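I opened a new structure today and kept notes as I went.

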Amino acid sequence: MDLNQTETVVYTSVKVLVLISCALSFLGSSLIIFVYIFWSDLRTTPRKLLVYLSVADWLSATSYAYGVWKVFKSDSKDCVAQGAISTFANTSSFFWTVAIAIYLYVFIVRSNQRLADSLVLFFHIVSWGVPLAVTTAALCLNKIGFDASEVSVGWCWVKIQAPDHVLWMFLTGKIWEVLAYITLPVLYILIKRHIHRAHAALSEYRPLLASSPLSINSSMADRKLTLIPIIFIALRIWSSVRFVLMLVGSPARQNPALVTLHGIGNTFQGAANCIMFVLCTQPIRARLSAMLCCCCKCRTGSPSSQDSPQRPPVVTEEGTS
């Protein structure tokens, strides 16, 4: 295959946008992990699964950023290493996204928390084990390397010169992505239908339930995680579009706008999850704001903090009191 005819040009402006997306995803994933570690009362199983997803997204964003910044031109050792890491992390992200949806389905729709919690070990085995096995096989068979940005945006993946590169693109990512596209909407619809039915059935008891805001907010926080599949599909669809265009040999796969969407979509999931489940979650946002205010007062040495010690605001699930 002639790389001069197939290589996709990644413009500097596209690289800058993708690197910004990687940085935001890195920070967002780190913040999700920090929140889970710092506040023990937020360590629910769904948020624990979100942390595992964030670890995969953190690793993926870091490896993608290195690939975009490095501008590979050949199958160098660091190209292969970056391609292997991003392949493992990206595939693991697919599995953890589906794992969260399965957990929520069993927990919410089947109302079986014991069964849902027992699946966590299985999720670990599959979500880390399968990507590791697939990536190791690709490395051993020398399939990871420079792909001329035909189905990437500057980073390395499956060697475009390999005669069976399409097969390995499926095995190292696309087949799992397609399965996620099919599985996630089904589980998401079932979960949302169940929630709507439950709300309708319990509407007459809402005055009584209102006296227990903590349990209601916890339930709402868990259900909010069902938005992860929507975020996943909205971000990942652009890479699938380019892959299909590559299969049919369409030059549209090299369109700068499509390449930009692909680059941002593949690298922004950590940031999107942070926006949805940290910055847009009022109790967590209130805690972070209180922490930042406390840090600012300590740095500036304000008179009020020096003259008399003050108790920090007590943060509840409803906010500060």
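My entries follow in the order I looked things up.

**Ground rules**

I am working on a predicted model, where local features need pLDDT of at least 70, side-chain atom pairs count only at pLDDT 80 or more, and totals for chains, interfaces and linings use all residues. Residues are numbered from 1 along each chain as its sequence is written, and side-chain values use heavy atoms, with hydrogens and water left out.

**Entry 1: cysteines**

I searched for disulfides (pairs of cysteine sulfur atoms within 2.5 Å). The structure holds one. It joins Cys79 to Cys156, with 1.9 Å from S to S. I noted that such a link is a covalent bond between the sulfur atoms of two cysteines.

Where do Cys79 and Cys156 sit? Cys79 is in helix H4, and Cys156 is in the loop between strand S1 (144-145) and strand S2 (157-158). Helices (H or I, at least four residues) and strands (E, at least two) are DSSP runs, numbered from the N terminus. The two cysteines are 77 residues apart in sequence, yet their C-alpha atoms are 5.8 Å apart in space. The torsion about the S-S bond is about -115°, so I logged the disulfide as left-handed.

Next I checked burial. Buried means under 20% relative accessible area, exposed over 50%, and partly exposed in between (1.4 Å probe, protein chains only). Cys79 is buried, at 0% relative accessibility. Cys156 is buried too, also at 0%. I looked up Cys22 and found it buried at 2%. Cys294 is partly exposed, at 42%.

**Entry 2: cavities**

I ran a 1 Å grid over the protein atoms alone; a cavity is a set of points where a 1.4 Å probe fits but cannot get out, and lining residues have an atom within 4 Å of a point. Grid points are joined across faces, edges and corners, and a volume is the space filled by probe spheres set on the points. How many cavities of 30 Å³ or more are there? I counted three.

The largest cavity holds about 150 Å³. Its lining has 15 residues, and Tyr64, Asn90, Trp155, Trp157 and Asn266 lie nearest the centre. Helix H4 (77-109), helix H6 (165-201) and H10 each give two or more residues to this lining. By class I get five nonpolar, eight polar and two charged residues. Here Ala, Val, Leu, Ile, Met, Phe, Trp, Tyr, Cys and Pro count as nonpolar, Asp, Glu, Lys and Arg as charged, and the others, Gly among them, as polar.

The second largest cavity has a volume of about 60 Å³. Its lining includes Ile32, Tyr36, Arg47 and Phe277. Helix H2 (12-38), helix H3 (45-70) and helix H11 (269-279) each give two or more residues to it. This lining divides into eight nonpolar, no polar and one charged.

**Entry 3: two helices**

I compared helix lengths with the expected span, which is 1.5 Å times one less than the number of residues. Helix H10 (residues 256-267) has twelve residues and should span 16 Å; its end C-alpha atoms are 17 Å apart, which agrees. Among its buried residues are Leu258, His262 and Asn266. At the start of H10, a side-chain oxygen of Asn255 comes within 2.9 Å of the backbone nitrogen of Ala257.

Pro283, Ile284, Ala286, Arg287 and Leu288 are buried in H12.

Notes: A polar contact is a pair of N or O atoms within 3.5 Å; within protein, one must be able to donate a hydrogen and the other to accept it, and residues adjacent in sequence count only if both atoms are side-chain atoms. On a 1 Å grid over the protein atoms alone, a cavity is a set of points where a 1.4 Å probe fits but cannot get out, and a pocket is an open set with protein on both sides within 12 Å along at least five of seven lines; lining residues have an atom within 4 Å of a point.
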